[in-house]
Amino acid sequence: MGRFSIPKLGILLLCCLAAVSEATYAKYKDPKQPVDVRIEDLMSRMTLAEKIGQMTQIERSVATPDVMKKECLSGRGSVPAIKATPETCIKMVNTIQKDSLSTRLQIPMIYGIDAVHGHNNVYKATIFPHNVGLGVTRDPQLIKKIGDATALKVRATGIFYVFAPCIAVCRDPRWGRCYESYSEDHKIVQLMTEIIPGLLGDIPGNSKKGVPFVSGK
């Protein structure tokens, strides 16, 4: 029976480890790589179905484990249960995220929720007047505080993205969502966009221009 010497066995083991390491390394997972390099690498690995899935927004109620595992989908939220508590929301989001990370490319899911005037999908959350009422205040600093409070509630339920604000300038009440417009006067609507730094946090002065600020609150 042939024998391996210890040095040869060690070299063989190192070669195997190197092969495994090379096989599992993916540039898109490497935070040290430039963003454009990571994107190009990821896109080159994706099937057509996966690319379509990444551009698809589905409703929470159909975000089953099978759906999330077959394709890489984004989600938006209705209530996970009647009188949904923060704990219920966190469990739901974590479950969907776990299913997303079990996909072939392990692309995380972006879960968004309607929190236009407070985190209204969560039981006992603070609800503020709708935008048409807030616009009447003409008070951008108040609006910023409302954004800050909403962000705090949303993050407390494990969600990092809201479908807000609505900065439409509604001038025809026949449009069914005029209540989401701060005013028919675009100057007032511009003032009310102070809710954005309320939701995101103030952008640091040294923040890189042309790159979305996503590291705030």
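A: Let's start in helix α2, where Arg45 and Asp41 both sit, four residues apart, or about one turn of the helix. Helices here are DSSP runs of H or I with at least four residues, strands are runs of E with at least two, and both are numbered from the N terminus. Before going further: this is a predicted model, so local features need a pLDDT of at least 70 and side-chain atom pairs count only at pLDDT 80 or more, while totals for chains, interfaces and linings use all residues. Residues are numbered from 1 along each chain as its sequence is written, and side-chain values use heavy atoms, leaving out hydrogens and water.

Back to the pair. Arg45 makes a salt bridge with Asp41, with 3.0 Å between the closest N and O atoms; a salt bridge here is a side-chain nitrogen of Lys or Arg within 4 Å of a carboxyl oxygen of Asp or Glu. How covered are the two partners? Asp41 is buried at 13% relative accessible area, whereas Arg45 is partly exposed at 33%.

Asp41 belongs to helix α2, which covers residues 35–45. Leaving out neighbours within four places in sequence, Asp41 is in contact with Ala26, Lys27 and Tyr28, where contact means heavy atoms within 4.5 Å.

Val35, Ile39 and Met43 make up a nonpolar surface patch with about 290 Å² of accessible area together. For patches, the residues need over 30% relative accessible area and no salt bridge; like charges are joined within 9 Å, and nonpolar side chains (Val, Leu, Ile, Met, Phe, Trp, Tyr) within 5 Å. Areas come from the Shrake-Rupley method with a 1.4 Å probe, and for residues only the protein chains shown count as cover. Met43 is in helix α2 and is partly exposed, at 41% relative accessible area.

Now for the other salt bridges; the total count is five. One of them is Arg104 with Glu50, whose side chains meet at 2.7 Å, N to O. Glu50 is in helix α3 (residues 48–54) and Arg104 is in the loop between α5 (86–101) and β3 (111–113), so this pair ties together parts that are 54 residues apart in sequence. Glu50 is buried at 8% relative accessibility, but Arg104 is exposed at 52%. Another bridge joins Arg174 to Asp172, with the closest N and O atoms 2.8 Å apart. Here Arg174 is exposed at 75% and Asp172 is partly exposed at 29%.

That brings us to the cysteines. The whole structure holds one disulfide, the pair being Cys170 and Cys178 with an S to S distance of 1.7 Å; the criterion is two cysteine sulfur atoms within 2.5 Å. Cys170 is buried, with 12% relative accessibility. Cys166 is in no disulfide, and its nearest cysteine sulfur, that of Cys170, is 9.0 Å away. Cys166 also counts as buried, at 18%.

Ala168 is in the loop between β4 (161–162) and α8 (186–192), and is partly exposed at 24%. Skipping residues up to four places away in sequence, Ala168 touches Trp175, Ser181, Tyr182, Ser183 and Val189. Its C-alpha is 7.4 Å from that of Glu180, twelve residues away in sequence.

Zooming out, the chain has nine helices and four strands, in the order α-α-α-β-α-β-α-β-α-α-β-α-α. Of its 217 residues, 32% are buried. Among contacts between residues at least 6 apart in sequence, 53% join residues at least 24 apart. The chain exposes about 14400 Å², with carbon and sulfur atoms supplying 61% of that.

Confidence is highest in α8, at a mean of 97, and lowest in strand β2 (residues 74–77), at 52.

Terms used: Buried < 20%, exposed > 50% of the residue type's maximum accessible area, 1.4 Å probe, protein only. pLDDT = per-residue confidence, 0-100.
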